[in-house]
Structure formats: structure tokens, C-alpha cells
Amino acid sequence: MATATVKQNGTAKKETATAKKAVQEKLAKEATGQKTTPIIKEQPKPVQPIVTPIINLDDRMQKFEQLKGLAHQRERLSTTLTELNRFKYNQSDSASFYMKDTQGLEFKTTNTNLIQLVTNHLKATLENRKSEIEKQLIAFEL
């Protein structure tokens with residue numbers, strides 16, 4: 001036990017002696033006129049003031065209207081997709097597909113394979129557009 005105490009005491013004395021020696025050397029240099037290296041503390045960096053941007057009310061209202069428009073488009077696409085998913089066509093002539101343009105020309109078919117192809121393509125197109133609008137809504141900033 002005596003040996004452990006001596007080692008601990010010896011270590012403590014060495015650390016104290018090293019600190020005393022450094023102070024004595026510094027004082028000796030100052031006394032003889034030699035330059036000592038001063039301890040330089042870093043100056044704190046000046047804090048930059050936070051600049052708040054001036055918000056234009058008209059611009060904000062316009063962006064809000066754009067956001068409302070995107071939300072309305074998404075809602076319409078969701079409604080159309082729901083209606084297409086509810087649509088049922090059978091292998092009989094119970095389903096028909098009808099188009100009419102502004103000049104009065106008409107196209108009508110009861111071919112269920114053609115109707116199925118058209119509705120599947122329409123669903124895929126609407127789902128892609130819906131996902132694009134949802135991405136725009138998520139990324140939108142007022």
C-alpha cells in the first residue's frame with residue numbers, strides 16, 4: 001500500500017512541478033527581457049442581424065390562389081378516378097363508349113375490349129397527372 005501512495009504522490013508532484021517550472025521559465029524570460037508568446041484568445045465574431053424579408057400581400061394572395069387551383073385540380077382528378085374505378089363493363093353489349101366533338105361528329109362503340117383499353121389508358125394518365133399535382137402541392141411555398 002505504501003508503494004501505491006508513493007506513486008500517486010510522485011505523479012501528483014511531477015504534474016505540479018511541471019506547472020511550476022513553466023511559470024518559473026516564463027517569469028525568468030520576462031525578467032531578462034526576452035519576448036514571451038502571449039496567449040491570444042479568439043475574438044467573438046460579430047453577430048449578423050437577421051433580416052426578415054418584406055412580404056408583399058398581393059404576391060402572397062396570388063400564390064394562395066395558385067395553391068387553391070392545384071388543390072381543386074387534385075380533387076377533380078380524384079373524383080374522376082373514383083368514377084372510372086366504379087365503372088363496370090361486361091363481355092356483353094351492356095357497355096358503350098360515346099364521344100362527340102364541337103362540330104357534331106360522333107363516335108360510338110360497344111366493343112368492350114376497346115372500352116377497357118381506353119379506360120385503362122385514361123386511368124393511367126389521370127393517376128400520373130394526380131401524382132404530379134401532389135408533388136407540386138408538397139413542394140409549394142407561400
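In the predicted model, the side chains of Arg74 and Glu134 meet in a salt bridge, with an N to O distance of 3.0 Å, a salt bridge being a side-chain nitrogen of Lys or Arg within 4 Å of a carboxyl oxygen of Asp or Glu. This pair links distant parts of the chain, since Arg74 belongs to helix α2 and Glu134 to helix α3 (residues 112–139), 60 residues apart. Arg74 counts as partly exposed because its relative accessibility is 27%, and Glu134 is likewise partly exposed at 26%; buried means under 20% relative accessible area, exposed over 50%, and partly exposed in between, with a 1.4 Å probe and protein chains only.

Residues are numbered from 1 along each chain as its sequence is written. As the model is predicted, local features need pLDDT of at least 70 and side-chain atom pairs count only at pLDDT 80 or more, while totals for chains, interfaces and linings use all residues, and side-chain values use heavy atoms, with hydrogens and water left out.

A search of the whole structure finds three salt bridges. One of them joins Lys68 to Glu65, the closest N and O atoms being 3.8 Å apart; both residues lie in helix α2 (residues 57–86), three residues apart, or about one turn of the helix. Lys68 is partly exposed, with a relative accessible area of 45%, and Glu65 is partly exposed at 42%. Another salt bridge is formed by the side chains of Arg129 and Glu132, at 3.3 Å from N to O, and this pair lies in helix α3, again with a spacing of three residues, about one turn of the helix. Arg129 is partly exposed at 33%, as is Glu132 at 43%.

The secondary structure comes to three helices and two strands, which follow the pattern α-α-β-β-α along the sequence; helices (H or I, at least four residues) and strands (E, at least two) are DSSP runs, numbered from the N terminus. Strand β1 (residues 97–100) and strand β2 (residues 106–109) run antiparallel and are joined by four bridges, where pairing requires that DSSP find at least two bridges between two strands. Tyr98 has Lys108 in β2 as its bridge partner. The two strands form a hairpin with five residues between them, and Gly104 in the turn has a positive phi of about 95°.

The largest nonpolar core is made up of six residues, Leu70, Leu77, Leu81, Leu84, Leu126 and Ile133, a nonpolar core being a set of buried Ala, Val, Leu, Ile, Met, Phe, Trp, Tyr and Cys residues joined through side-chain atoms within 4.5 Å. Helices α2 and α3 each supply at least two residues of this core, and the largest share, four residues, comes from α2. Apart from its neighbours within four places in sequence, Leu81 is in contact (heavy atoms within 4.5 Å) with Lys123, Leu126, Glu127 and Lys130. In the protein as a whole, buried residues make up 9% of the 142 residues.

On the surface, Met99, Phe107 and Leu114 form a nonpolar patch with about 250 Å² of accessible area together. Patches are made of residues with over 30% relative accessible area and no salt bridge, like charges being joined within 9 Å and nonpolar side chains (Val, Leu, Ile, Met, Phe, Trp, Tyr) within 5 Å. Met99 is placed in strand β1 and is partly exposed at 43% relative accessibility.

How values were computed:
Accessible areas come from the Shrake-Rupley method with a 1.4 Å probe; for residues, only the protein chains shown count as cover.
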